[in-house]
Amino acid sequence: MFFEKNHNFVPCKVSKQMMMEDLLIDYTVKAIEVIYKQVISKDTVAIQRTRKDFEGDFTLVVFPFTKISRKSPEQTAEDIGHYLKSILKEIYSYNVVKGFLNISIKHRVWVQFLKDISTKEDYGYATNNSTSPIVIEYSSPNTNKPLHLGHIRNNLLGWSIAEILKANGKKVVKVNLVNDRGIHICKSMLAWQLFGNEEEPTENLKGDKLVGKYYVAFDKAYKEEIKSLINKGLTEEEAAKKAPLIIKAQELLLKWEAGDAETIALWKKMNNWVYAGFDLTYKKLGIDFDKTYYESETYLLGKKLVEEGLKNKVYAKKEDGSVWADLTTDGLDEKLLLRSDGTSVYMTQDIGTAQLRYDDYQAEKLIYVVGNEQNYHFDVLKLVLKKLGREWANNIFHLSYGMVELPEGKMKSREGTVVDADDLIKEMIDVAKKKGEELGKAEGLNNEESELLFKQIGLAALKYFILKVDPKKNMMFNPEESIDFNGNTGPFIQYTYARIQSIFRKAKENNIHLVEFPNDTAINDKEKEILLLLYEYPKIIKEAGETYSPALIANYVYELAKEYNQFYHDHPIIKEEFGNVRSLRLVLSEKTGKVIKSAMHLLGIEVPEQM
RNA sequence: GGCCCUAUAGUUCAACGGAUAGAACGGAAGUUUCCUAAACUUUAAAUUCAGGUUCGAUUCCUGGUGGGGCUACCA
């Protein structure tokens with residue numbers, strides 16, 4: 001708002017410099033044609049950013065053309081460089097290093113570029129270009145245990161990718177799939193009945209924690225029963241099957257499937273506790289969904305579809321009554337689809353869920369954000385659906401992300417090495433508060449404001465730490481060391497943003513106004529570096545969307561913040577004497593702030609005005 | 001056993017087949033009369049091994065070794 005009054009820039013169209021690389025590619029093709037009389041395809045032309053140690057903005061790699069030119073790489077680069085400079089008025093100069101043609105663009109082009117984007121509020125975002133939506137599933141919790149660190153990665157990835165796809169002009173539907181039925185739920189229910197004394201959730205014990213507690217209690221009691229049975233002479237396997245608790249749990253599952261009123265009532269009561277608990281965690285994380293599916297509502301459809309497959313003879317029933325899909329011709333094994341007692345398995349439910357989801361949205365793509373341990377499951381799911389003639393199974397995309405590992409190895413709930421989501425979030429915020437207060441970051445803020453600030457900072461540290469890693473890769477989380485607020489972290493980027501906002505506050509206090517600066521206003525190396533980074537933002541969003549990778553956004557925004565901090569350190573902004581230069585730096589700062597905020601939003605990270 | 005993923009500074013992460021492999025943390029040394037020092041500057045430090053394809057390989061292929069996962073009438 002500070003700028004709007006004084007701004008009088010030419011409205012932005014997609015101007016030439018927005019397509020600088022395309023331009024260079026086109027004219028390189030032309031150059032080869034004119035100089036060497038040979039037509040080449042565009043995708044043999046590689047344009048990249050010039051490395052920092054060399055002079056130039058863009059670099060053309062000419063090695064591939066030496067066969068055509070029959071000249072040395074240097075001479076070929078020289079030929080093409082000479083042609084390009086003579087025909088493209090945007091080019092200021094070029095230089096040749098080995099087979100690399102480094103091209104410098106005129107500064108005025110970059111200044112005009114800054115003006116072009118300065119008035120664009122949604123800079124970097126693509127316009128709406130989809131009709132049918134992309135459905136993205138993430139989180140997918142079980143109702144017998146609380147959310148943990150693995151879910152956090154899943155949730156952050158899912159939410160961020162949904163935002164990135166929206167920024168790419170896609171319609172997106174965010175869905176959750178809750179596994180709310182099965183033997184594991186019955187275990188919690190049974191334990192609560194036996195040992196619970198009607199315990200209900202309290203402020204200190206959220207519903208999901210309460211139910212999780214009884215799941216653990218079941219496991220403990222069950223193990224003791226097994227032990228005593230083994231002492232009585234049974235084998236471990238027999239004991240595991242004959243322990244009274246497991247038999248009771250199985251009975252409870254049968255009652256549930258039969259619709260027994262009392263069982264259903266208890267199930268509903270306990271699940272609702274869990275949902276209330278999950279909601280609190282999602283809210284704290286800033287995660288939401290457009291729709292929630294429950295497996296209790298999809299498994300029957302799954303069963304029906306298995307029956308359909310049986311009728312069409314694409315699945316087969318064995319003597320004991322169990323139903324299987326034979327995938328051996330596809331290089332996989334046989335897969336169980338219905339147990340011999342007719343009850344459904346995980347795959348059965350997923351078949352039903354997929355069908356329901358497809359019917360609901362006719363999605364152009366169905367994305368499942370699920371850990372890479374389930375790669376095989378999704379290979380099977382797609383095949384099993386295709387055997388049913390569901391061609392849309394080709395649109396299923398398993399976004400397979402890597403595990404979060406702890407220094408002591410994989411998280412295992414039974415060994416108590418799980419990092420609880422609520423605990424971790426609280427820990428991050430507490431540390432942010434402690435360090436923030438030491439540094440006096442909350443000065444001038446009231447209680448409510450400083451609480452919000454430390455929450456933003458703690459969450460930024462957590463979210464950025466997780467999202468900056470390539471989703472496909474396993475990652476290490478060390479609770480002792482991973483909580484950091486300096487360097488390549490979320491808070492560092494937030495700090496950069498806050499500094500920029502502080503400049504505007506100061507500018508206003510000092511009554512500094514913008515003037516319209518001419519295109520030949522001088523820019524220094526740092527400014528140009530920032531401009532080139534801003535220029536790349538739309539490409540980064542596009543690439544992040546194509547590869548479903550928030551990490552690209554994270555690494556980009558860090559780079560931008562780092563460059564800006566260097567610029568800020570080396571050059572005065574509001575203290576710059578010359579009005580043209582000062583105005584340019586203010587506009588550059590403002591736009592950098594906006595892109596930081598925009599990129600951080602794509603990661604689900606808020607930026608404070610002051611810190 | 002079979003199948004899949006993975007290997008980069010002490011540590012955690014980057015690098016469409018392109019130049020001298022980038023950062024951060026940690027280590028060493030510096031920068032506050034100057035728009036916020038959660039910042040900035042300098043410095044030491046890495047591609048698991050053996051082959052192959054290529055003008056060029058951290059990247060692609062083959063093999064070895066290390067790590068992880070899947071291979072349930074669990075989810």
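Here is a walk through the predicted model of chain A, from the whole chain down to one serine. Residues are numbered from 1 along each chain as written, and chains are lettered from A in the order in which they are written. Because this is a prediction, local features need pLDDT of at least 70 and side-chain atom pairs count only at pLDDT 80 or more, while totals for chains, interfaces and linings use all residues; side-chain values use heavy atoms, leaving out hydrogens and water.

Let's start with the overall picture. The C-alpha trace of chain A spans about 90 × 65 × 40 Å along its principal axes. Of the 611 residues, 53% are buried, meaning under 20% relative accessible area with a 1.4 Å probe, protein chains only (over 50% is exposed, in between is partly exposed). If you take the contacts (heavy atoms within 4.5 Å) with a separation of 6 or more, 75% of them join residues 24 or more positions apart.

Chain A has an accessible surface of about 29,200 Å², and carbon and sulfur atoms own 50% of that; the areas come from the Shrake-Rupley method with a 1.4 Å probe. As for charge, there are 85 positive and 90 negative side chains, with the centres of the two sets 3 Å apart. Lys and Arg count as positive, Asp and Glu as negative, and His and the chain ends are not counted.

Next, have a look at an open, antiparallel sheet of 4 strands in the order E1-E2-E4-E3. Neighbouring strands here are turned by 30° against each other on average, direction ignored. E2 (residues 58-61) and E4 pair over 4 bridges (two strands pair if DSSP finds at least two bridges between them), and Phe 58 has Ile 103 of E4 as its bridge partner.

E4 (residues 100-105) also holds Ser 104. That serine counts as buried because its relative accessibility is 5%. Leaving aside residues up to four places away in sequence, Ser 104 touches Glu 55, Gly 56, Asp 57, Glu 90, Ile 91, Tyr 92 and Ser 93.

Further along, 3 strands make an open sheet with mixed pairing, ordered E14-E13-E15. The edge strands are E14 (409-410) and E15 (475-476). E13 (residues 404-406) runs antiparallel to E14 over 2 bridges, and Leu 406 sits opposite Gly 409 in E14.

Key
The place of a charge is taken as NZ of Lys, CZ of Arg, CG of Asp or CD of Glu. Axes are lines fitted to C-alpha atoms, for helices over the stretch in contact, and angles run from 0 to 180 degrees between N-to-C directions.
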